[in-house]
Amino acid sequence: MNVAVERLCGLQQHTARIRNICILAHVDHGKTTLSDHLIASNGLIHPKLVGEMRYLDSRDDEQARGITMKSSSISLLYVPGAAYRPEGPRSCSEEEKAAEGYLINLIDSPGHVDFCSEVSTAARLSDGALVLVDAVEGVCIQTHAVLRQAWEEKVQLCLVVNKIDRLILELQLQPHEAYDRIKGIITQVNMIVSAFESESFMSEADAVLAHENIKANADAGTQPGEVDLEDKEDHFQPQLGNVAFASAHDGWAFRISQLAKQYADKLGCNAFGLEQALWGDYAFQAKTKRIIKIKPDQTHKHKPLFVQLALEPLWKLYEVCNLGTDVAAVLSKAVKSLGLTQITDRVLMHPDARTVLRSVLKAWLPLSEAVLSMAVEHLPDPASAAPGRLARLLPPQQLHLKGVQLPKDLQQALDSAEHGVGSCNTSPEAPCVVYVSKMVAVPAAALPRQEGRPPPQDPSQEVFLAFGRVFSGVLKDGQSVHVLSVAYNPAQPHLQRQIHQVDGLYLMMGRGLDRLQQVPAGNVIAIGGLGTAILKSATITSSPACRPLAPMLFQAAPIVRVAVEAALPSELPRLVEGLRLLNRADPFLEVTLQDKGEYVLGAAGEVHLETVIKDLKERFARIQLQVSPPLVAFRESVFLQSESPEAIVKPPKVIEATTANGVCTMRIKAVALPGPVATALDENADLIRMTLTATNSSPNEERTESSSTALSESTADTSGDTEVVGTDQQICSITRGSGAVQDAKSKLEIAADSVPQPADDESSSAQLPANDESSSAAAEASQAAAENSSSSQDQCHSMAEAVSDAEGMPGSQGGQGTDHRGFNILQGK
């Protein structure tokens, strides 16, 4: 079914027949393969290339790695029931497409944790999401993460249990075992969603205790403290139709309702009643033609209907993959019983059994029909989803305006814009509000040629398009718009606002772009002419009397940082320009300029870092780079109150840090080492340095074994490795040793034991008094270690006893939670 762009543009005017959906899953759970099947239903991919072409992975490194790195959008047409026809969707007439067709704006998102920011950009522009779960791997960590991101954006969800063929061919489970496994996956996903609902209940309960909300509840006629804690049904229930079972690799999928319609006539049952009984502990009695409830003590006597009518037929068809099976005989019977007239004898005679099986399964249970019908029935259209998402997109005005009273006309304009967003107003007179979730860099040659304009001078030059969605009004090509930053305040319209002109509207079709003249509310769009106005995300409006939409939430923060510099100093300007473009193209990347003049890139992980470095070299800067090893920020300034500079007495400061997803909070307090310990370290710095040099030299197997033996013997009385913090703020790890250096160690122990013992931590800040004996002992120990370091490196591993024996050192047996390194770790949650 090849679809003209004009037909898609016509459907953009019918909000009720638009579905903005994204596909979310853990990495390698089948998102892009599923997308290929949906795209193939529109005739954009040859059926033989489905799953191999990876149509929405347009980058070379995406194809090479086999993972999605950037979210991509495509618009599809879906006509209900067309996939079941013998000719397929190609048989649909233009009149039928216009009268019954649905516009599906599909966004494929990455599953790799390094590209979780792309999931946020996809969820912000969508009203619904298809969550895929691998039937073998089950719910993974990124599955939980994408569920939370969708929940935060108030996106409705449908579940697809994918790769069921792996249960048959790889795990070789029996149908009833596969049923238990699938049921466990659905239960686990429901528990995650239930946990999110519980969190919202708790936050609502806390909000009710606030004075403002108590007053608001009183005005609304509700009692303070009322929270609806009534148990809710599970979100995902196959009998309701919001769960699909699929094998994207083989191109088939089904829902309970589809099977109920197919079996209702054969069994002589009511289709609706059969649909309700196809999931759960229900069985079918062939004699009485009745559906009965399976009692707990009769599970061994009856098979659940889902096993009998859904799984067992699939298991029987997959038997053709076994060696020695007569493929044509087995599948020809299935073709006749199912009435699949489109499967000819020529198809059944194909030498590859898996290929023949796929053809039969695609004709019996077409994947596009199951998934897209579920999206149309259970995911909302833009107008239906808008009221539920308004609170997330536009928080209360009092919080944003900070109590500032606006003039009456400005207040009315603000209310009009917010009403347009909350109702998805498609009227041309309504205020136009667009949210841009990210900037997409495309080569200038990829833009559609426009009559009267010369071709680009450099076809490989990167042009930025704003990837966004119209939430209210109509956006037109050539329109003058206001670009609002997150910090924009309508009460101060001269700040945080720019005026630019739209230079091109594009319908994103995966790897291609089609130019449009105007786009009404409820549609996803790419906008040209705003490359210099938007850094990463922004709100675009037709009037300054509008609040910016709330920023997106990311589930992680940049953790890997590297310094980059040009290989040739003369190419520094090109590096600076390339970093500016790279920073705009990646929604998650952080580019900072250090005090020393270094440019530092902050990425989410190793794969993300490799991707941005590659883009910087090949697309944006186009120069050779020198990249440093990963950097770890280390900042420290610790002192005792009695040693505070300028006699400033400050209480110990507790540092609190919360992870990006808000799940974990850590509190840490750092205190200084006792003065005698620091002094002992300073006076024996040369000896420690030589010890470290000997320890870090390339050891052979014998040395490693002897080190392990010495370590195990020496740890009988102590707790193992000791971290020593010197006054130069560098942390060294010194392990215990034995052998020729024991004499030096004993002398240092004598020197350490001679230190006066203070009464508490405050007195421990006193400086170690000069001691001629300890100094000479340290010197003798240094000389002894130097003489033996070249010949006895096997024995010279560590000398931590010289400074870490805690029997007499103040602070080593300090208060609760304080260890020998001087760091006090408080309780974290």
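Okay, so two strands count as paired if DSSP finds at least two bridges between them. With that in hand, look at β15, residues 505-509, which pairs with β16 in the antiparallel sense over five bridges. Tyr 506 sits opposite Arg 515 in β16.

Before I go on, this is a predicted model, where local features need pLDDT of at least 70, side-chain atom pairs count only at pLDDT 80 or more, and totals for chains, interfaces and linings use all residues. Residues are numbered from 1 along each chain as its sequence is written, and side-chain values use heavy atoms, with hydrogens and water left out.

Helices (H or I, at least four residues) and strands (E, at least two) are DSSP runs, numbered from the N terminus. Back to the sheet: eight strands make it up, open and antiparallel, in the order β14-β13-β19-β10-β11-β18-β15-β16. At the edges you've got β14 (497-501) and β16 (512-516), each pairing on one side only.

Now the helices. α20 (residues 572-585) and α21 (residues 606-620) pack at about 125°, axes 10 Å apart. Axes are lines fitted to C-alpha atoms, for helices over the stretch in contact, and angles run from 0 to 180 degrees between N-to-C directions. Under 35 degrees is roughly parallel, over 145 roughly antiparallel, 65 to 115 roughly perpendicular, and the rest oblique, so α20 and α21 come out oblique to each other.

Last one: Glu 96, in helix α4 (residues 94-100). Buried means under 20% relative accessible area (1.4 Å probe, protein chains only), exposed over 50%, partly exposed in between. Glu 96 counts as buried because its relative accessibility is 18%.
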